[in-house]
Amino acid sequence: MNDVRTIHAVSHTHWDREWYFSTLDTQLFALKAFSELIEALENNPRFVFHLDGQSSIFDDFIRLKPKMAERARRLVQQKRLLIGPWYTQPDLFNIATESMFRNLRIGIHHAREAGYCMSVLYLPDTFGSHAQLPQIARAFGLRHILLRRGYDPQLMGPTELCWEALNGDCATTVITPFGYSLAHPERGGRWRNFRPAHFDEETFPLITRMKALSASPDLLCPIGGDQVSCDADFDRLIAAVNALSEDRWEVSSYERYFATLASQTLPRWRGEFRTPRLSRVHKSIGSSRYDIKKANADAERCLTRLAEPMLALARRNGFSEGEEMLEQAWRWLLESHAHDSMGGCNSDETNRDVLHRCRQAQQIGEAIFSLHARQLLANLEIQTPYRFLVLNGTSSPAIDVRQQTLITPTAQFALIGENGEPIRVVVHRQRQVQLPRHVLLTPDGEVETEQQCWYYENIVDLLNVPVPPLGFALFYVAPSQRPMLFPLSCPEALAIENAHYHLSLRDNQLQLLEKNTGRRLTPLLQLRDISDDGDLYDFSPLPGDSGLLFSHFTLSEVQQHPWQQSLRLHAALRLPEGINDDRRARSDRLRVVNVTLTLTLEDDMLHGELTIENTVREHRMQLLFNTGQTIAAVCADVPFGTLTRTNQQIADSTDYAERPVDSEPFMHRLSPHADFHVFARGLKEYAYQGQQLRLTLFRGVGQLGKDDLLYRPGRASGQRQATPEGHLPGELSFHFALCLGTHSPAQLAVREQRFSAPGRLWQWQHDRTGLQRLDNFDVFIPERDIAHRQLLSHLPQGWVISGVDVLYGKTLVRLYNPSSEALTIPEDWRGYVCNALGEKIEKAVLRGNDHLTLDLSQLAHDRPV
Ligand SMILES: [Zn+2]
């Protein structure tokens with residue numbers, strides 16, 4: 001029986017910015033490849049080429065080769081060289097929600113500036129997707145998504161579907177189930193690599209398999225490869241295959257192909273793309289290279305909770321500097337979000353680049369904060385020398401400031417708000433410091449003058465500081481006669497407690513008592529260490545290894561303070577130093593891995609800080625939470641909501657491209673029960689078994705790709721290259737928190753933000769103590785009336801702030817509804833509702849798990865929303 005279809009052949013290159021090679025390698029190659037591409041497009045008007053659905057590689061090229069920029073832009077305007085909508089093709093499980101929005105905002109902006117932005121959200125190689133991608137696409141007016149990995153025909157049906165996000169937004173989604181290289185990656189999209197026999201051996205059998213999965217009369221066939229140069233003879237290749245094929249082949253584009261689906265009713269899919277049925281999704285890549293996962297989480301937090309809210313507030317008060325540097329910070333960070341980069345499946349050299357860009361982004365974020373904090377504070381209460389502001393980039397009406405430096409004129413002091421209200425302060429350390437020397441320029445040269453003036457430098461926590469969400473508040477250092485309360489070390493104590501919890505060390509095991517329910521959890525925490533014979537893509541234990549469990553801790557110190565109590569513990573784990581060369585067993589040689597754990601009780605949160613001095617190789621460490629009852633499913637956060645996952649009972653996993661192990665992603669929060677919640681920073685992977693919630697801390701593996709893993713048989717992913725830095729030798733630190741009790745989705749989201757993004761203080765320093773890098777710069781600060789201390793006049797119950805996008809002159813505040821119940825949009829917000837590009841839209845109700853963007857750019861200065 002003849003099954004003749006129209007096959008849309010699309011010429012493209014998949015361009016990994018970096019991987020087992022560096023960005024500089026690909027840029028050098030792009031100079032040649034893209035110059036040839038421009039020539040080819042100019043010489044052949046029927047030729048259309050896709051530059052991988054991202055605009056960063058086009059930007060890099062025209063920056064490096066400006067003399068070709070006009071010719072390149074002309075081809076973009078003619079829709080023959082297609083770029084965007086992404087800036088880079090991100091990993092979707094290891095980055096924050098606002099990062100996905102910035103990626104599209106910047107990608108679309110640059111593509112439009114070049115002349116045209118492709119309207120298909122294209123992710124041919126990203127390792128699966130979370131369940132909310134259709135919502136993010138629709139926020140930018142994009143209705144078409146093209147994916148490859150994570151698709152399972154047994155779950156999802158045909159390769160053309162209507163993908164519905166948790167808020168009900170839909171996007172027409174098409175899967176290219178066998179990848180983006182016609183038949184054979186080595187042939188890419190190049191006519192010169194094909195012989196007619198290849199069509200029979202490779203191409204046509206593949207098309208037959210694609211037909212079996214597709215319900216559409218039109219099939220999509222991307223033809224290209226990884227970092228391939230273009231094929232100027234692409235239409236000859238298609239003519240040749242057309243002459244031999246029973247199907248109708250035509251040179252097409254992704255946009256043209258999606259137009260053929262416009263009239264079709266497609267089956268619905270609601271959920272994530274994460275099944276390794278036809279292609280590998282690398283389910284455990286979230287725990288590869290913890291160093292970059294953490295650096296990225298730190299940088300994301302710095303930009304979204306510090307720099308952007310501060311820049312928006314400064315702009316509202318008439319200061320406007322820093323936007324261009326902010327865009328630069330995002331571009332560096334987004335370059336680090338490319339799937340191979342943030343996945344961690346990269347070479348050691350590339351990983352260092354990823355890390356460096358994350359740190360640069362963070363540096364810019366901190367500089368933007370300190371420049372604007374100074375300008376605002378310079379115009380507020382100028383006669384009071386010891387004053388400071390605290391910025392709140394979260395949704396919480398009160399925040400904490402942690403481990404920050406505060407300068408005081410005296411050893412004893414109190415902190416008060418503008419109405420004289422006292423602020424809770426915990427002084428961890430205090431030292432007396434002499435003021436810096438002045439340097440005078442005299443006819444005899446420089447003369448240093450020593451100042452016999454002293455001040456006190458305090459490392460403080462400020463607790464429960466009232467600061468409006470997306471706002472700042474002013475505070476003062478006041479003289480005090482009362483002695484300061486430092487945390488007291490109590491040598492005889494074995495426990496800490498407050499109104500909610502009692503945490504003790506009994507028989508060297510941690511025991512937590514929840515006071516209002518009487519629930520006891522023993523041992524509360526354990527560490528699990530298991531061999532990892534995998535690579536930077538996938539965890540893979542040695543056959544039969546069930547891991548080593550550690551729950552024995554030794555007390556180092558108990559510290560008590562009226563508002564904060566801490567238990568400091570340590571353990572010396574004796575772990576095998578690696579895996580033997582025969583890959584059958586772990587080494588008999590043991591090394592000591594020192595662990596310190598500090599647990600601090602504050603209100604209904606138990607904060608944890610874990611430090612591990614990693615001295616061994618080829619292993620994975622998990623932190624185990626005893627939840628006290630059998631876990632049936634875990635609720636994990638995704639953008640604007642949560643997803644509940646259960647362990648899969650897969651008896652036979654031979655029918656998968658990789659074993660569908662129960663390692664799952666989360667962003668910031670996990671709830672294994674309705675009254676048990678764990679928060680973490682920079683950790684991305686969990687599993688559960690019995691009563692245990694298992695948080696993966698890190699994996700240490702020294703190989704980029706490896707053949708024949710236990711959980712991933714067959715060829716190596718990537719290159720078989722040694723990556724000794726992937727073992728993560730040295731000190732690693734982890735932050736987590738535990739909260740027991742039943743709370744609404746919004747309350748949990750607010751708690752998470754308060755935990756993840758403490759407030760930041762900036763203090764006026766008339767003595768030039770130089771607390772932050774830029775504080776001593778001589779800056780002209782114009783006089784302004786600082787009329788606005790918050791971006792929103794109110795944040796109704798149930799609403800959570802996602803972020804503030806301040807790029808390209810706009811101030812876009814994004815909020816969301818984490819619950820499944822709809823919320824009414826306040827009347828006074830309705831005139832500002834827009835899409836993620838700042839284009840006005842109408843919306844009166846916010847559905848469950850939906851988001852809302854408000855354009856506050858044009859707001860009159862005297863009228864807060
Ligand atoms: Zn790729």
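Predicted model: local features only at pLDDT ≥ 70, side-chain atom pairs only at ≥ 80, totals over all residues.
The domain assignment of the chain gives five entries, which run from domain 1 (4-268) to domain 5 (798-853).

**Domains and annotation**

- According to UniProt, in an unreviewed entry, residues 280-358 carry the feature "domain: Glycoside hydrolase family 38 central".
- That annotated span, residues 280-358, is 72% helix and 0% strand, and its end C-alpha atoms lie 27 Å apart.

**Two pairs of packed helices**

- Two packed helices are described by the angle between their axes and the distance between the axes.
- Helix α11 (residues 323-336) packs against helix α13 (residues 348-378) with the axes 8 Å apart and at an angle of about 155 degrees.
- Because angles over 145 degrees count as roughly antiparallel, α11 is roughly antiparallel to α13.
- The crossing of α11 and α13 is left-handed, and the contact involves M325, L326, Q328, A329, W332, L333, E335 and S336 on the α11 side, together with V354, R357, C358, Q360, A361, I364, G365 and I368 on the α13 side.
- Helix α1 (residues 23-43) and helix α3 (residues 69-77) have axes that come within 10 Å and cross at roughly 55 degrees.
- The angle between α1 and α3 is therefore described as oblique.
- The crossing of α1 and α3 is also left-handed, and its contact is made by I38, L41 and E42 of α1 with R71, A72 and L75 of α3.

- Most residues other than glycine have a negative phi, and most peptide bonds are trans.
- The peptide bond from G84 to P85 is cis, with omega near 5 degrees, and P85 is found in the loop between β3 (81-82) and α4 (97-114).
- Another cis peptide bond joins T522 and P523, with omega about -15 degrees, and P523 sits in the loop between β23 (520-521) and β24 (525-531).
- K79, although not a glycine, has a positive phi of about 60 degrees, and this residue is placed in the loop between α3 and β3.
- K79 is partly exposed because 14 other C-beta atoms lie within 10 Å, a count that falls between the limits of 12 or fewer for exposed and 20 or more for buried.
- Q403 is not a glycine either, yet has a positive phi of about 50 degrees, and Q403 lies in strand β12 (residues 398-408).
- Q403 counts as exposed, because 11 C-beta neighbours are found inside 10 Å.

**An exposed residue in a loop**

- R589 is located in the loop between β27 (565-576) and β28 (590-602).
- R589 has 10 C-beta neighbours inside 10 Å and therefore counts as exposed.
- R589 and Y151 are 438 residues apart along the chain, and their C-alpha atoms are separated by 43 Å.

Methods:
Residues numbered from 1 in each chain as written. UniProt positions renumbered as here; feature names shortened; annotations may be inferred. Helix = DSSP H or I, 4+ residues; strand = E, 2+ residues; numbered from the N terminus. Domains from an automatic or database assignment. Axes fitted to C-alpha atoms, helices over the stretch in contact; angles between N-to-C directions. Parallel < 35°, antiparallel > 145°, perpendicular 65-115°, else oblique. Left-handed = near helix turned anticlockwise from the far one by under 90°. Contact = placed C-beta atoms within 7 Å.
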